Amino acid sequence: MNSKRILCANFFPVPRTYLIELERRKPVAVRSFLKFKGFAESMFPTNVFDSHQQHMMLDMSSSHNESDLGIRTGDDEFFDIKSATEIIMEAPSGDDEQDPNQRPKKKGYHRHTQHQIHEMEAFFKQCPHPDDKQRKELSRELGLEPLQVKFWFQNKRTQMKAQHERHENAILKAENEKLRAENSRYKEALSNATCPNCGGPAALGEMSFDEQHLRIENARLKQEIDRISGIAEKYVGKPVTSSHNSNHMAPHSRSLDLGVGSYGGGSQSSAGGMVGEMYGGSELLRPFPVPCDSDKPRIVELAVAAMEELTRLAQVGDPLWVQSNQHCTEILNEDEYLRTFPPRVIGPKALGLRSESSRESAVIIMNHTKLVEILMDVNQWSTMFCGIVSRALTLEVLSTGVAGNYNGALQVMSAEFQVASPLVPSRENYFVRYCKEHPDGRWTVVDVSLENESRSRRSSRRRPSGCLIEELPNGYSKVTWIEHVEVDDRGVHTLYKPLVKCGLAFGAKRWMATLERQCERVASYIGGGAGELCGTSAEGRRSMLKLAERMVMSFCTGVGASTAHAWTTLSSDMDDVRVMTRKSMDDPGRPPGIVLCAATSFSLPVPPNTLFHFLRDQNSRSQWDILSNRGLVQEITHIASSSNALSLLRVNSVNSSQSNMLILQESCTDCSGSYVVYAPVDMAAMNIILSGGDPDYLALLPSGFAILPDGLAASSGGSLLTVAFQILVDSAPTAKLSLGSVATVNTLIKCTVERIKAAVVSDTTSFHNLAS
């Protein structure tokens, strides 16, 4: 083959590099050209080649051969004179070649125009895999060959696949780095682990991680048994033996100094005995059974029957529902209810329980889909109704729904409902929640208790209760709320009995009023209410709202008579003050140490709305706030709506040590009650929050007021006021609580109550005198 290249170069003035490249790209054409060369040599004398001897410089040591190039020169090949002629005409002449050693110019590639690229990219977004017909039509419109269009789409798909793979690789790399960091943290934590029994270093090399976790959980459960045993011993009057070693019977709570006894007994102090303890938000509700497989068909049948009953209750009117003359609330006609709905859902009413039923309807500023999501998510639900739901837990999800939504969702839950006062016992319920979308587009969420004969000791159970949601234009929804419960309310304090019996404490009117107020809060605060946070970004606004939400939740969960609270009454010559302690160690939202909570409830002969405006007004704050040292309170900024207001206050005190302290206050009101909740915050920390910082790590100890109607006639009724304080008495969680700290907090809350009574009664007397 090398000899043929030399002869070819002698006969035609073609650069050798061009022939080599041409032979690689078009071997058939080169074979035809060589045959034509042989034909020319037979027709012309050999001296024709003398003038082109300079082309003999072709490298004779080339490694290419006929087998490598696939060139056959047998007689069976067809001689194509046209192909040979085209090769001769396309080859550059000897005059054009200035330097034999100069590298040839690269062949120019076809470049698509911007218009062609733009049109093909637009078509690619709609159809990345065009068929033959589409490619031909597109090539005709753009003036291209169908193969060019085909190759462009192939390259584009390859390019998009490569970009997608690079993106996935970047995500996987970031996740890998995150997992590496977590693994390092876990290894460090395991290296510093201690034995939960003896406190010494744990021999992690001899046990698995799961075993270590179970040992820690076992130690925590033993501590909880100790704590419950101590409470039972206090109220039953005899020791309660736990199932583990008696060496661990001593509870881990701190007792008062000066000889005050612990949970395990001991001497009692004249100040009211030992101080109760709040177990904290991490403690579970009292143990409820997780349904087994054999119970699930019965639960499904119960949920379907409850759904049918609630849907009918929401749609029918008189004579099943009658109007209550006292508070303009619809209540059930019990006789008509028993005739309409036989006791097939949860059976007849148990002895000693009283029926409560109510129905309310309203239009709220929330999309129906979002509302269903809130009701079916236990965390969002307990946050939305934090004034009513003190604790809630999803025990098991039996169905997550179909078609990507909550239609058909079914879950077993436990919850504790409360009133913002330690004088009203909370209500624990173990129930199933069922969500369904009706053919007409309406949604229903129903609760029904799973109580049985073995759990008749529980003082509350829910008959079919819940809400019917109807979609309205512009993101609004119409909600019909129904509450139907059977409860033993004999433990309610006399002061709150009228409020509980009229349905304002736990009835549908309170649920509906809370829902309206919270939806308005979200719409107003996010959309921009009256008054703005000056110079604050959207992130800072959200951080401040999140901080205020956590503050209100902390206040509400700490002021009621939850089963997680062990209140201790400090009797005095006036209203009883209830106190309890809480240890804060690893909670980033609370300062570490011993927190003393104190609360008292009493009645005032003034309307709830009058009392609410007195307590929320910064101009009248110096009349009751002892900690402000009667300093002038100035409002820095606020966000307000018709029923909610979030304010940032500064106390201009003569004490220079308080010059860097601010007060974050949220006040809200509706027809069922009002709240004024506040907490001192550091100015530097608040600047971080207003700049968009994480509010979860700002320690808060909220205090405030819960204002409820007294449940009597709406025209002449007064108010029920609960005052609650949280004070950090010691920054060391292991410290002992002194009786002096309890006396100080008791004095603080009593003085605050006296100031409020004096100021409100004085203003009321002046108003009546002026009116007369």
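**Charged pairs and cysteines**

Start with Arg 621, which is buried at 2% relative accessibility. Buried means under 20% relative accessible area, exposed means over 50%, and partly exposed lies in between (1.4 Å probe, protein chains only). This is a predicted model, where local features need pLDDT of at least 70, side-chain atom pairs count only at pLDDT 80 or more, and totals for chains, interfaces and linings use all residues. Residues are numbered from 1 along each chain as its sequence is written, and side-chain values use heavy atoms, with hydrogens and water left out.

Which residue does Arg 621 meet in a salt bridge? The partner is Asp 625, at 3.0 Å from N to O. A salt bridge is a side-chain nitrogen of Lys or Arg within 4 Å of a carboxyl oxygen of Asp or Glu. Asp 625 is buried too, with 7% relative accessibility.

Now look at Arg 462. Its salt-bridge partner is Glu 483, and the closest N and O atoms are 3.1 Å apart. Arg 462 lies in strand β9 (residues 460-462) and Glu 483 in strand β11 (residues 477-487), so this pair ties together parts that are 21 residues apart in sequence. Strands (E, at least two residues) and helices (H or I, at least four) are DSSP runs, numbered from the N terminus. Arg 462 is buried, at 3% relative accessible area. Glu 483 is buried as well, at 5%.

Lys 156 forms a salt bridge with Glu 121, with 3.7 Å between the closest N and O atoms. Lys 156 sits in helix α8 (residues 146-191) and Glu 121 in helix α6 (residues 114-126), so the pair joins parts that are 35 residues apart in sequence. Are these two residues buried or partly exposed? Lys 156 counts as buried, at 14% relative accessibility. Glu 121 is partly exposed, at 31%.

Salt bridges can also link up. Arg 354, Glu 356, Arg 427 and Asp 489 are connected in a network of them. How many salt bridges does a search of the whole structure find? The search finds 23.

Finally, turn to the cysteines. A disulfide is a covalent bond between the sulfur atoms of two cysteines. Here, a disulfide is counted when a pair of cysteine sulfur atoms lies within 2.5 Å. The structure holds zero disulfides. Take Cys 668: the nearest cysteine sulfur belongs to Cys 556 and is 7.6 Å away. Cys 668 is buried, with a relative accessible area of 4%. Cys 597 is also buried, at 3%.
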